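Please find below a short note on the structure shown here.

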Amino acid sequence: MIRRVITAVLLFPLVNVICHGQVNDSIPPPPPIPQIDTNNIFNRTSFGGWGKAPQGWKRQQRILRESTDSDLDSLARYATYPAERVFAFYSLAEKKSERCYSILLDKLTDKDLFWYWWVDQGWQETVGDFMLSTIWQYDGLYTTEQIHTIDSLAVFGSGMEHLDKYRSALRLSGTEGLYDRVREFYLNGESQDLEILATYRKPEDIPLILEALREYDFYDPWSNKRSRTIEGLDAVLKWPDDIFIPVLEEIRDYELMRGSPNHYRVERLFKIA
């Protein structure tokens with residue numbers, strides 16, 4: 001039923017996207033980059049975007065040259081600057097060091113912020129979240145049992161609000177008590193967890209999915225809130241029920257009306273169809 005309703009009228013936005021390029025919702029210009037303590041920048045690459053290596057990168061390489069694995073272990077746990085903890089841990093992960101597991105268990109609750117710098121772009125992360133991300137960034141760094149332990153701590157442990165637990169929850173699929181925990185995460189603002197909720201196909205979650213879908217025309221550049229329509233569409237991909245057809249039609253018509261359709265929404269509508 002969903003296929004018949006959606007497919008026939010989606011060709012125009014797809015052609016428009018192909019012809020004119022992928023255009024996302026309008027995004028306000030980013031705020032000026034603040035002055036940052038260079039000791040708290042983790043430089044992921046030697047290229048700084050201006051044709052030369054950043055000073056922070058050079059400092060990191062000096063630390064690496066002068067440090068043993070034992071030194072890096074100590075820095076990852078106790079360094080004053082969060083970026084130094086991250087760099088030390090990153091260096092051990094690059095070596096596929098077995099030390100990473102015990103460090104991650106110790107530092108998973110580390111909420112301190114550092115600047116992650118890639119070429120000429122930077123953003124803030126917490127130390128614990130960066131370390132958790134090494135599970136999917138470094139295949140084979142941890143055993144299956146170690147990953148299960150880490151994921152269980154991230155999802156069910158206390159003091160883990162600073163972590164992005166989406167991948168951990170996916171890996172724990174089928175674990176007793178996971179549904180209630182993931183629903184709590186979603187209601188606390190972790191919108192991508194709606195997709196996981198949809199896999200349970202519980203009637204009480206239908207209003208949550210509909211609410212997310214209906215935010216297709218929400219846009220406020222001065223608000224921290226953003227549209228959750230993409231997450232709603234991902235949820236429908238997991239739970240393609242006819243109850244969602246009316247709002248899917250609204251999204252379809254909205255994208256047809258726009259001069260530059262949202263490629264990510266159009267792509268998901270085609271998958272749903």
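What share of the contacts in the protein chain with a separation of 6 or more is accounted for by residues 24 or more positions apart?

1. The share is 62%, where contact means heavy atoms within 4.5 Å. The model is predicted: local features need pLDDT of at least 70, side-chain atom pairs count only at pLDDT 80 or more, and totals for chains, interfaces and linings use all residues. Residues are numbered from 1 along each chain as its sequence is written, and side-chain values use heavy atoms, with hydrogens and water left out.

2. The protein chain contains 15 helices and three strands, taken as DSSP runs (helices H or I, at least four residues; strands E, at least two) numbered from the N terminus. Of its 273 residues, 45% are buried (under 20% relative accessible area, 1.4 Å probe, protein chains only).

3. Helix α5 (residues 82–94) and helix α6 (residues 99–107) have axes that come within 9 Å and cross at roughly 150°; axes are lines fitted to C-alpha atoms over the stretch in contact, with angles from 0 to 180 degrees between N-to-C directions. The two helices are therefore roughly antiparallel (over 145 degrees).

4. To this contact α5 contributes Arg85, Phe89, Leu92 and Ala93, and α6 contributes Arg99, Cys100, Ile103, Leu104 and Lys107.

5. Cys100, Tyr101, Ile103, Leu104 and Lys107 of α6 are buried. These residues lie on the same side of α6, because they cover an arc of only 170° around the axis, taken from the directions from the helix axis to the C-beta atoms. Their cover includes α4 (69–78), α5, α7 (127–137) and α8 (144–156).

Terms used: Angles under 35 degrees count as roughly parallel, over 145 as roughly antiparallel, 65 to 115 as roughly perpendicular and the rest as oblique. Buried means under 20% relative accessible area, exposed over 50%, partly exposed in between (1.4 Å probe, protein chains only).
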